[in-house]
Each structure stands twice: as structure tokens, then as C-alpha cells.
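Let's take a walk through this one together. Have a look at the fold before reading on.

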Amino acid sequence: MSAVGTVRSRDSSPMPSSPSGTHNAKKPRLEYGLLAEDEIPAALQESSAAPDKEKAFRKPKKFKAPPPPEPGSADDVSWRDIVQLLGQDVVDAASASKTDYKSPVVFGDEFELVVDMLSSNGEALARLPAPHPPWAVKIPFALPQETVRVKIVKHTRMASHADLLEIVKPNDELRDMSRVRCQYFGKCAGCQYQMLSYDKQLEFKSTVVEKAYKNYSGLDASDVAPVLPTMASPLQYGYRTKITPHFDAPPENRMRKGKHVAKKAKDATWELKIGFEERGKPNTLDIEECPIATQCLNDALGPAREKVKSTIHTYKRAATLLLRDSLESFAPDPVAQPETHVCISDHKAVVRERVGAHIFEFPAGSFFQNNNAILPTLVSYVKSAIEDMSTPDTRPTHLVDAYCGSGLFSITLASAFEKVVGVEIDEQAIKAARANAALNGLPADRCAFTAGKAEAIFASVLGVFPAERTAVVIDPPRKGCDERFLKQLLEFRPATLVYVSCNVHTQARDVGLIVGRTKGDEEGRRYRMESLRGFDLFPQTAHVESVAVLRLV
Ligand SMILES: C[S@@+](CC[C@H](N)C(=O)[O-])C[C@H]1O[C@@H](n2cnc3c(N)ncnc32)[C@H](O)[C@@H]1O
């Protein structure tokens, strides 16, 4: 689908045309995406309206491209989508001619475009219409095939970012604004998909998983397991058990590096805003409710905001509130006696959560999954993935839970194993994991936990856990596993791997490495991808978790 060619200028003054075919009476704001002001290519600066005499004689600084984004990061994922949209040959040609950072449009230009695709980060991508050279435009809150009017606000490599001004022709098959439950949708950076049906959201997320393995695994398509439909969250609103609204200190109080910066920061128009990031802007959006958060957190948000308002004069720096949904206490029989939810805001206080028949306590400041409603489905999926395909003779008897947090997988899966060991870098989380094992009736000689880097666990299981009867659950942070962990994992070579990830792109990279490095090995020593599936821990957002199961063949 190509972009339509209507190019409208917001300015009708009879000025000579800029290279974009539009012209701005105002000098464009000098904010060039990732680039600092003095790094903006001279060619772009020339497109500003009134040439500054003094500047015209200044020798333009040599443009230096910023370093490439971290592989698997949001910027890198977005870049791969831009390459997909424009074509590798087009990008290669632009890089060779050093025009990949030369935007053919300027800040403030307005266009009418047709959206080509949805990127994995949830923003829409369109191409600039001819006669512009190939160039992408990133548009928030727009959907494929929609005709939209946008305004250019920022540039990156081969793409400009735009604000969505108007949906000229909506895609009625996808968009239904009556589905939107949040008054801040379209401004808040938190959600991207409230206008979509839930089935469509799940479908888009399956595509993200598929694309991640195409772009990051380095595997042939035949070595990648088919992507199973994304597992739905039982709750599509009111599911988030943790929110962290933030706010700035009053300008007259602000301190930086121990010094008052109040004079510089004095701003009569300043208003206290307590909330989340505004989409595409370095601002905080004032938020009074968040429909994806649990009722308990929404009930607590009002009083928490009032408290900040009444004490704001005491703040010297920006701050973040922590609101975490917790059970007040565990009822002996939660069916007969419903449990009360309370909001915890002290990082060191204990949060209580129930996952199926298991109970967990952990410090509010430590990691725990943020969608309690889907956790029973997630852990039982991981459990049956480990057991499936196993005959009684080969069924895993030992479990290693790498990056175990406060013991979610170790404890919920322990009944299926003779021995379980978890490893985690956060000592507070390990303390909690040990206490959780005891809370759930698991003795330390059956379910043990070690504080340290994930790779440290292999020294203690090597020769103790039978590799051919061991399953390893891997659930690292967004950056994925490091080389040392993967190397030791392959030396140990457990029969089954279940890789749970909050970043499917780094998961694809790591799984590609595991499968690729063992491909030439003898029978019984090669990892094959058995299944791959997205899990929707964050409905209404573009985020997807992913579970990949690998088995030795
Ligand atoms: C996505 S969380 C998963 C936690 C747990 N599996 C759960 O579901 O609750 C990743 C965990 O890895 C831990 N972590 C980060 N880097 C680590 C490392 N190098 N070695 C061990 N644990 C690490 C973090 O503290 C965090 O608890």
C-alpha cells in the first residue's frame, strides 16, 4: 500500500518552496531526533526559512552519525521495521550516498499519508509520497490503511516522527473508538491499542513474535517453530498490579548535583503534573485514573496525588510514586473468604500475591510480574511444555530456574520435580524466594535458591543434576542472556529449555544462538525449537511476552 500524494503546507505564505514542497514561515525547531543541535546536517539547517547572516558564513560542522542502537532495543526494533518498509536496497543506497540522515522534510511540515504498516513498537509507519525520496514517517495511534494528517516533529535515520493531527479516513475494520476506556488515550505513552478489538491485538502480537524471529534469530525459517496464537489475558482492563506515576519538583526548589538550580528553572507557568509520560513529548501527563490498573490502585491514586500536592513544596527533585496491589493477608480458604486488596507504596513493605494454589510475598521494590490474572495460565503452560513429549523415562526430574526473582516458576512448578534450584542477582528477591518456598511447604533440600549471576548456577548443578533429566527455565531482563550464561548453559546442555521473555527480540537472538551453535553437533546434543507462543501480559499496549520451548534431539 503506498502513501497518497497530497502534501499540505500549514503555511500559505508566498515563499519559495522548500525541498519538501512545503515551506514554513517559522524557523524550524532545532531538535533533530537523536542528534544534538550542532550535529544537525548543514543541508537540513539550510531548509530553515530566514537565513541567519552570521550563520551563513560559518563553516558547517562535519556531520557525525550517532552510534547504532543497541541490538534488540526499541530503537533497533523500530529501525528494522523502517528497513522492511523502505527496502534494504533503498537503505543501503541512502547510507552509501550519506543521505540516510538527511530528512527531505522539515519540522512543522504537514502531510496527508496512508499508513503502510504497524511497527512492532505499536506505532504506524507510512512512506512519504513522491516526489520525495524514500523516507518513512512514524505516526502514533494510527492503523494500517488509514489516511491520516500528520505534522513532522523530529527526525531519525531514514525516518521522521510525526504527531497525528487528524484521522482523515479511518480503517473501520480495525478502529472502533467506542472501545477506548481511557480519557488519556492518544496522549499517554502507556497504551497504543485501545481502539482495536482484543482479537486483533492478539493477532498483531503474534506477528511481532514472528517478525522478531525473522529479524533477530539468524535461523532458517524451517528451524523456527510456528508461532502459536498469542495467549489472552483473562482481564483486558483492570489487570496491572503496579503503577509508578511520577512528578517534577517545583522550579523554585530544584536541586541538581547538590546545588540549587532554582534561578535557572524559574517558570511562572509551571503546574504540578502527577502521572505518566506524554506520547512523543518530554512531559508528564497529569493522570487521575488508569483503566488498565487494578481497582485497588485506582482507588489509591487519588489520595496519593493529594498527598503529593499538599507536600510538593518539600520536593527538591523529580520523584516517582510506587503503587502496588497486594492482598492484605492470605485467607486460609480464599473461596469461602474473599481476600481484601490493599495498595502498598513503601518499597520495603511486603506485597502478597496468590498464583493458583501458591502464595508469594516479596518486597514492593523487587521484581514481580505485573499481571496477576494471567500468571496461573503462564505457569501451567510452562509446566506442561516441560512435561509434554516426555515419556515417563525421560520426564525431567530436576529444574533450574534462572533469573528466578522471588521464586515464581521454581515454587509453582516444584511439585513436578525431585529437586529445584533458582538463581537471581537481587539478594532481597532471593531472601523472599527462600521464604516463599517455606510458605508453600517446600523444604530447602528440595527447593533451594542462590544469590548471584545466573551463570553461577551451573557450577553447582554440573555433575549433581542429570542434564538429560533437567529442565531450565530462563526468564532474563529485557537485554536477554549474556554470552557467559549461554556458553555455560550449552556446556551443561539440559534436555529441555523454556525461555520466557519480556523482550521477544533478544529472546530470538539468544534462541537463534542456542539452536545455531548446536546444529552441527551429534544426535541428542542439538537443540530444536519445539514451540513458540506470545503471552499477553499487557493488553491495550504493544508489549508482548514470549515463551519458546527447546528440546535436545
Ligand atoms: C524478568 S525478571 C523474572 C523474574 C522471575 N522469573 C519472575 O517471573 O518473577 C528478571 C530477573 O532477573 C534478575 N537478573 C537480572 N540480571 C541478572 C543476572 N545477571 N543474573 C541473575 N539474575 C538477574 C532481575 O533481578 C529480575 O528479578
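Helices and strands here are DSSP runs (H or I, at least four residues, for helices; E, at least two, for strands), numbered from the N terminus. With that in hand, residues 104–166 come out as 0% helix and 52% strand, and their end C-alpha atoms sit 22 Å apart. An unreviewed UniProt entry annotates residues 104–166 as "domain: TRAM"; UniProt positions follow the numbering used here, feature names are shortened, and annotations may be inferred rather than shown by experiment.

Keep in mind that this is a predicted model: local features need pLDDT of at least 70, side-chain atom pairs count only at pLDDT 80 or more, and totals for chains, interfaces and linings use all residues. Residue numbers start from 1 along each chain as its sequence is written. The protein chain averages a pLDDT (the predictor's confidence in each residue, from 0 to 100) of 89, and 88% of the residues score at least 70. Over residues 1–51, though, pLDDT stays under 50. For the complex, the predictor gives an ipTM of 0.99 and a pTM of 0.88.

Now to the ligand. It is surrounded by 19 residues, and the closest are Tyr403, Gly405, Ile425, Ala454 and Asp475; to be near, a residue needs its C-beta atom, placed from the backbone, within 6 Å. Both α9 (408–413) and β21 (419–424) supply at least two residues of that shell.

Finally, find valine 472 in strand β23 (residues 470–474). Valine 472 counts as buried because it has 27 C-beta neighbours inside 10 Å; the cut-offs are 20 or more other C-beta atoms within 10 Å for buried, 12 or fewer for exposed, and partly exposed in between, with C-beta atoms placed from the backbone.

Definitions and conventions
Contact = placed C-beta atoms within 7 Å.
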